[in-house]
Amino acid sequence: MVVLPLRRTDRLPVELDRHRVEIFRPRGMEVLLRHLRQDGLPQADRIRSVPAVSDFLDTPRPMREIAEFASLIVRAQAAARAQDSFIDWCEIARAALADRGPQVAKQVATMTGGPQRALLLTTAMLHGAHADAVHSATTLLLHAVDHPKDDRPLLEHADLAMRLEEVSAGLTQHGAVRFKELEYDSAVRTHFWDHRPDLREHLGTWVGRAVELTDPVLSPDDRHHVVRRLSDQYMRTGRCEELASLAEQWTAVPTTARRLRAAAQALEGGLLDERHGPSFRDKIYDWSRSDRLGEPFAQVLVEVCAEVIAVQHPDQALVRLHHLARRERRTTRARDALCRLMQEDHRLRRRILHRLVNRPTSWPADIDLFLQTSDPAALTHLGGRARSLLGETVVRDQLIAGWDMVFDRLPLSAWDKHVRHWLHTACSDEHHTDPLLDILVSGAAGRGEVFGALYSTARRAELTAPGGRKHGSALTDLLLRKISTAQGVRQQPPRHTSEETTS
């Protein structure tokens, strides 16, 4: 199928005109019905006669707004009272789409105390969390903004139920805190972010502390939601650089596993945002090339590269992981993630080989990466293709250059086991025996001491060769003949084992 731009349809050849099918925008009502049926709403077909729905669809809506309206109807049903009808759910959902900014501003203006406003904001940020979590997080917020402590005796304080009533919220039967009106939490978050810019920095500090509230006070889902809600405000107002800096700040030593997870979630939100995703990928690229990156933050970057960027942009993930792998010292997280990324993808393995040998550097990690990337089992595996990577001339040239780098920079002890793996693969895979040996010999590039080391390694590898020592010995003879040819030495007759001589 080919999708043509509207302005190009008149250029379609006449002989193809009979295959042309025009795509029209679907009717809003049908789209809404499909969403509701997918969500399992039994009364979905009654929606055609609901005034609130007709009012909503009177104006042409983008598909994402229709999907959002359907989601609000489902949520209104989930939170509805027993006496509420299907029409009530639709009206609640329609009201939730209205601009509640003036309503929130009026409510905040009537509040004279910091603790009351802190509870309102905390309820919005932790909407749906347990009351204990909201209570503890409100205390943390007051502390984050240096609000004076209430010195009254504890029993003179209003109870939580009364305080929640004052901010138009209440408790569900499971003890979760929710506003009485659908989507009111979003309006409250927007109000405080837009009208109290002096609070923004404090909110970042507060969320970093709030995510450390222990279970069962704050669940993993609650932590995810509060980070996402804060990230949404940064991205809504185009403050990507500030959100990126906040994520890095949360990883500053001493940090915790929960704060590292929060940092990863903040970056994930930015990467998945349609508008700001490219700028976050650029920022992570810059970070990946920094020599001053803290180890905890590097761990977070490895995670988002491997789990988020790699899904839609595997090539970009590979580049960033390569830079991170070069700079890691006490761990191999980036290198391991890079190897997993190319494990099942010939194209990515070819790409990293190109980076390793076509741009030679002094990074020690590049040699280790080459030895892992040049796994002979992966290079000879067809994987549904007509030929293996080893069958490509460009790849063979890259492998020769890589082995030349290995033999030039590493001692025998560092590459011995890798050469043994190549020899054993060559022994068990007759189709690739010659190219595997040719690459090793060409990589030695006429260096006599390397040829000698290769031959000695092959002799030792005979003991564990696939198919037994006889097969290993035959492979060693073949290797010796190739070395002799490379050195311009007259080839010797094959060596025989004592077992062959007496048979």
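Reply: Phe69, Leu72, Ile73, Ala76 and Gln77 in α3 meet up with Trp89, Cys90, Ile92, Ala93, Arg94 and Ala96 in α4, where contact means heavy atoms within 4.5 Å. Helices here are DSSP runs (H or I, at least four residues), numbered from the N terminus. Sort the α3–α4 contact by class and you get nine nonpolar residues, one polar and one charged. In that scheme Ala, Val, Leu, Ile, Met, Phe, Trp, Tyr, Cys and Pro are nonpolar, Asp, Glu, Lys and Arg are charged, and the others, Gly among them, are polar.

A quick word on the source: this is a predicted model, so local features need pLDDT of at least 70 and side-chain atom pairs count only at pLDDT 80 or more, while totals for chains, interfaces and linings use all residues. Residues are numbered from 1 along each chain as its sequence is written, and side-chain values use heavy atoms, with hydrogens and water left out.

Now the arrangement. Two packed helices are described by the angle between their axes and the distance between the axes. For α3 (residues 63-78) and α4 (residues 86-96), the angle is about 125° and the axes are 8 Å apart. That makes α3 and α4 oblique to each other: under 35 degrees would be roughly parallel, over 145 roughly antiparallel, 65 to 115 roughly perpendicular, and the rest is oblique. Their crossing is right-handed, meaning the near helix is turned clockwise from the far one by less than a right angle.

For contrast, look at Gln343, in the loop between α17 (333-342) and α18 (346-357). Gln343 has 43% relative accessibility, so it counts as partly exposed (between buried, under 20%, and exposed, over 50%, with a 1.4 Å probe and protein chains only).

Technical notes: Helix = DSSP H or I, 4+ residues; strand = E, 2+ residues; numbered from the N terminus. Axes fitted to C-alpha atoms, helices over the stretch in contact; angles between N-to-C directions.
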